[in-house]
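Here are a few friendly notes to read alongside the model.

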Amino acid sequence: MRGLPGAFLGSFKTSYGYLSQRLYGVLTEEKYDGRLYPSHIPTSTVQKAILAVGSGVAALKNPYRHDMVAVLGETTGHQTLIKLRDRMRNDPEGSTILLERPRIRLSTLDLSNMSALPDGTLGREYLRFLEENRVTPDTRAEVKFVDNEELAYVMQRYREVHDLLHTLLGMPTNMLGEVAVKWFEAAQTGLPMCILGAALGPLRLSVSRLQLLGQSLGLWALRNGGRARCVLSIYYERRWEQTLDELRHELNIEEPPVSLIASIKNSSSKS
Amino acid sequence: MAAPIRAFVLRVLSDSTRNIHHVLRCRSKYLCRRAAITARRGYSDSTEGRSTHFGFQTVPEEEKAEKVYKVFESVAKKYDVMNDAMSLGIHRLWKDTLLHIMNPQPGLRLLDTAGGTGDISFRFLEYTRSMYDRQQRLRAKSQQTPSWKDIAGHYVSDEEGPPQSRAVVCDINKEMLKVGKQRAEDAGITTGLSWVAGDAEELPFDDDQFDMYTIAFGIRNVTHIEQALQEAFRVLKPGGRFMCLEFSKVTNPLLARLYDAYSFQMIPVLGEVIAGDWKSYQYLVESIRKFPDQEIFKEMIEDAGFFRVQYFNLTGGIVAIHSGFKL
């Protein structure tokens, strides 16, 4: 369109586009000045690719670099996170979680109540797990490189549920226990980072532990990962009083075939 | 009628273009370039507005020093590894070039400000020691057939030992100094080196103390650059030399594009993977963009009272060595 009407339309279009962008910006982006959530770092595809490769190499060289494992998960897991989120949406409890966005942190846990719960309940066993392995839920890295606010929450939830999964499956935080949990998670979630960890983790195990993994533990983990309900869809914060056995039954998880923690507990509790 | 309006718009723009981010978004490129230059010139002597830049963010002045401290506290342990990774080892050549241009004679006192892990000081001591050895060798060569008087003279007088060159490493950040001290121990350097915690804007030294003052990759982190330059002028002896090695503006447009792409795409990623710290290295590349270019910095050095100010561009202008004399 030419002439005065064309110029008018053109300026109207740009000003409308500008206005709507400003409004949208007010609603979402400007809250964290261009980022989608407080810990968000926007990255290009090239940067994500380099991050994925670099963090993979760094995590392989030094498996204790949890931040590198986290970055690998974030940069490679976009499609899988979408599938996970859809699974959560289709589950009533899962959609409640997506709405309410609970976080598992020391500040949100009621430690005195939880330690007063009877043995065998989720809350008591979880606290025991935290104490025995000397970890806290606050040491989990924040999600940085996921470019969608909801998916970032799903990723964060996955990380926070990881410790609870240790409790549910009865696995300690030594290498064998971690690999078993990774196999379970790989079968459940399908995150590329879990699959990579599951494939490469056994390389660092001793022969005897490798045998244990291959014969009983690994198959159990894979089998249960496939048949269990989505572990991210459980509102753990409301189920501290539930016993582990009941929870396992509800989630369709069998008891671990080899009790890795039992030997430590037996030797200390049997008097 | 148009002129005062334009002047007014320019002034408004220059106030809002402290942050170069806004400059890039501006529609009118010509106004922006003019405003950016005035902003860059003006930021150093604005009396109102107690805010300054921290990378591309705008922060209150009091906060900048603290934020910079935190950045270097967290990167201290991996500082040297990251330098090698980011510059592909070229930073060693830059620092060697600084020493070659400086060409220090044995027996001089060096103040290495923002010296952190001690790279410049170690090189300084090594350079003066090897220079002293070379001078001794030349002296010996020229005295191939000494008279009996000379031989007797040698036995009596000599060898108070080599004139001791001394380097003082001054840094505001104690973590960086710790890493530097450890490096000195590992390298076996015991004499001629001291470590002082101090602020470049307020040096804990008397006037007229040092023969050389260097600040390598540190001055862009200082909140008030003119103050640091004035302090440098104060602590130098008359005849002393000021040298600054710093990232600067690349002149070649193609190289500038490549350099920008590398800086913004690769360096924070490297920071995340090697040091686990994206934000510090994002600050690093942004602070390079905010630093004045070669000519403007040269003028700032001249304003502080230095004479014969010149600069040398290295690697196409990625870094520049500025040098000036206190006369």
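1. A definition to start: buried area is the accessible area, taken with a 1.4 Å probe, that two parts lose on being put together, summed over both. In this predicted model, chain B and chain A bury about 1000 Å² between them. Carbon and sulfur atoms give 62% of that area. On the side of chain B, Glu272(B), Val273(B) and Trp278(B) supply 51% of the area buried against chain A, more than any other three residues.

2. Who takes part? The contact draws 17 residues from chain A and 11 residues from chain B.

3. Glu272(B) and Lys144(A) form a salt bridge through their side chains, at 3.4 Å from N to O.

4. On chain B, helix 11 (253-275) and helix 12 (278-290) are the elements that give two or more residues to the side touching chain A. Helix 11 of chain B gives the most, with eight residues. By class, this side of chain B has seven nonpolar, two polar and two charged residues.

5. Now to the hairpin. Strand 1 (residues 51-54) and strand 2 (residues 57-60) of chain B pair in the antiparallel sense over four bridges. Ser51(B) stands opposite Pro60(B), which lies in strand 2 of chain B. Two residues sit between the strands of this hairpin, and Gly55(B) in the turn has a positive phi of about 65°.

Technical notes: Residues are numbered from 1 along each chain as its sequence is written. Chains are lettered from A and ligands numbered from 1 in the order in which they are written. This is a predicted model: local features need pLDDT of at least 70, side-chain atom pairs count only at pLDDT 80 or more; totals for chains, interfaces and linings use all residues. Side-chain values use heavy atoms; hydrogens and water are left out. Contact means heavy atoms within 4.5 Å. A salt bridge is a side-chain nitrogen of Lys or Arg within 4 Å of a carboxyl oxygen of Asp or Glu. Ala, Val, Leu, Ile, Met, Phe, Trp, Tyr, Cys and Pro count as nonpolar, Asp, Glu, Lys and Arg as charged, and the others, Gly among them, as polar. Two strands pair if DSSP finds at least two bridges between them.
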